[in-house]
2 protein chains.
Amino acid sequence: MARGSETRSKIMDVAQAAILAKGFEATSIEEIVAGSEITRSGFFYHFPDKNALAHALIKRHIEVENELFGRAAALGEGPLQTMLIGLKLMAELLDDMPNGHPGCIVATAAYQDRLFNRDVRDANKRAALGWRSRFRGMFEDIVATHRMRDDVDIDQLADMVSAIIEGGLILSRAVDEPSVTAQQVRLLQSYVKLLFAPEPGL
Amino acid sequence: MARGSETRSKIMDVAQAAILAKGFEATSIEEIVAGSEITRSGFFYHFPDKNALAHALIKRHIEVENELFGRAAALGEGPLQTMLIGLKLMAELLDDMPNGHPGCIVATAAYQDRLFNRDVRDANKRAALGWRSRFRGMFEDIVATHRMRDDVDIDQLADMVSAIIEGGLILSRAVDEPSVTAQQVRLLQSYVKLLFAPEPGL
DNA sequence: AAAAAACCATACTCGTGGTACAGTAAATCT
DNA sequence: AGATTTACTGTACCACGAGTATGGTTTTTT
């Protein structure tokens, strides 16, 4: 089984790199198989169609992100610090590989709705809802111990993390300035600070 | 000349509606000509290719947005109020037609980079930079009269408006909740308030 | 009336996604 | 060791959408 899953993940690696660089539609199967050193037939052996590939990529991305945030959570002392450190780490990560963030895949899927089947759209939705619940949990811990300076909905606040990242990625691509995404995350950090931090400093 | 430009804008209307609903790639020329009551030949008479169509749509969108924000600017009293009202109007507009906002086109273009030629990408870039300079101007007026509670870059703050809108649109589509985009804009309003408003209230 | 602009009709090429199916090398099972 | 399954290769084919070519027709403008 080792050989099979190796090829499979190689296909996914090549595909992901290409998709993040040029978009899903613009990435042809021909190109993927060329980079993966297999044949068209080989591709269709592993993935019944392009949809299945997108589905697999989103699924894998969720797992990667989950472990990443698990590590981040262990670093902070209080819930607010955890959140701020998490955002800082995220910003640094985005600085390192600005267009490598797999959030792009979700965005692509979101804007190419009818192009994908229900499986892919559902996976996409689960990803977004997963982020919401994760960040919601973190913000709940914060409001339990800190006073909120403005009355905002926690679910919406949780969504803001994803929205800022996705929007930052788009803007970053549009103006061709890779640093934009990380900057936006840092602005979100500033907002969280203003919302919850007791003193103006820190 | 009236007849020609009428057909042209009808093509663009139909195309825009379809693209916003299903994405650029998923919208076929066949479909556009069917909705526009012309033939394929007619389409290619007005637009040399699909790229030209995208270009025209982005260009038109910029003009529409410019006039919209011109009106919004006349409503506020001080610069901060103008900004807050502007964001409020924007949120209401997004509530009314959540997926109708043409920002989607820019986002689509951003994520389908290689699919478009330089013309389209440049138009897209100009759109994003236009937003930046517009909002930057507004924020500059604010910092001239208000104290900033956190030291953030004004260009980045200006970008945040676009980022929140684009990100909100993506998230809204991903989780299939049309209200998300407007909520995110209102959160941005909350941030601006916390950043600049002298008292906690108002 | 002449010329240009705004189309229509038809037929073709080419790239890409996807299917079908026959064959083969290597790992796994019995 | 032989049989079966897994993981592929190779070839041939279909459908569909973008784009080209070209010649003809109607409408508007001059």
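What share of the contacts in chain A with a separation of 6 or more comes from residues 24 or more positions apart? The share is 71%, where a contact means heavy atoms within 4.5 Å.

Before selecting anything, note the ground rules. This is a predicted model, in which local features need pLDDT of at least 70 and side-chain atom pairs count only at pLDDT 80 or more, while totals for chains, interfaces and linings use all residues. Residues are numbered from 1 along each chain as its sequence is written, chains are lettered from A and ligands numbered from 1 in the order in which they are written, and side-chain values use heavy atoms, with hydrogens and water left out.

**Stop 1: chain A**

Select chain A. It has nine helices and zero strands (DSSP runs, H or I of at least four residues for helices and E of at least two for strands, numbered from the N terminus). Its C-alpha atoms fill a box of roughly 60 × 35 × 30 Å along the principal axes. Of its 202 residues, 53% count as buried (under 20% relative accessible area; exposed is over 50%, partly exposed in between; 1.4 Å probe, protein chains only).

**Stop 2: helix α2 of chain A**

Go to residues 29-36. Ile29(A), Ile32(A), Val33(A) and Ser36(A) are the buried residues here. They lie on the same side of α2(A), because they cover an arc of only 95 degrees around the axis (taken from the directions from the helix axis to the C-beta atoms). An α-helix has 3.6 residues a turn, so residues three or four places apart point the same way.

Step just past the helix. Glu37(A) takes a positive phi of about 60 degrees. Glu37(A) also forms a salt bridge with Lys10(A), with the closest N and O atoms 3.0 Å apart (side-chain nitrogen of Lys or Arg within 4 Å of a carboxyl oxygen of Asp or Glu). The pair links helix α1 to the loop between α2 and α3, 27 residues apart. Lys10(A) is partly exposed at 35%; Glu37(A) is exposed at 64%.

**Stop 3: the interface**

Show both chains. The contact takes 51 residues from chain B and 51 residues from chain A. About 4500 Å² is buried between them, with carbon and sulfur atoms giving 65% (accessible area, 1.4 Å probe, lost by two parts on being put together, summed over both). Select Tyr111(B), Leu187(B) and Leu194(B): they supply 16% of the area that chain B buries against chain A, more than any other three residues.

Four salt bridges are counted between the chains. One of the places to look is Asp150(A) with Lys193(B), at 3.7 Å, N to O. Asp150(A) is buried at 16%, while Lys193(B) is partly exposed at 25%.

**Stop 4: Arg132(A)**

Select Arg132(A) in helix α7 (residues 118-145) of chain A. Arg132(A) is buried, at 12% relative accessible area. Its side chain makes a polar contact of 3.1 Å with that of Glu177(B) (a pair of N or O atoms within 3.5 Å; within protein, one must be able to donate a hydrogen and the other to accept it, and residues adjacent in sequence count only if both atoms are side-chain atoms). Beyond four places in sequence, Arg132(A) touches Asp155(A), Ala158(A), Asp159(A), Val175(B), Glu177(B) and Val180(B).

**Stop 5: Arg132(B)**

Switch to chain B. Arg132(B) and Asp159(B) meet in a salt bridge of 2.8 Å, N to O. The pair joins helix α7 to helix α8 of chain B, 27 residues apart. Finish on Arg132(A), Asp159(A) and Glu177(B), joined into one network by salt bridges that share partners.
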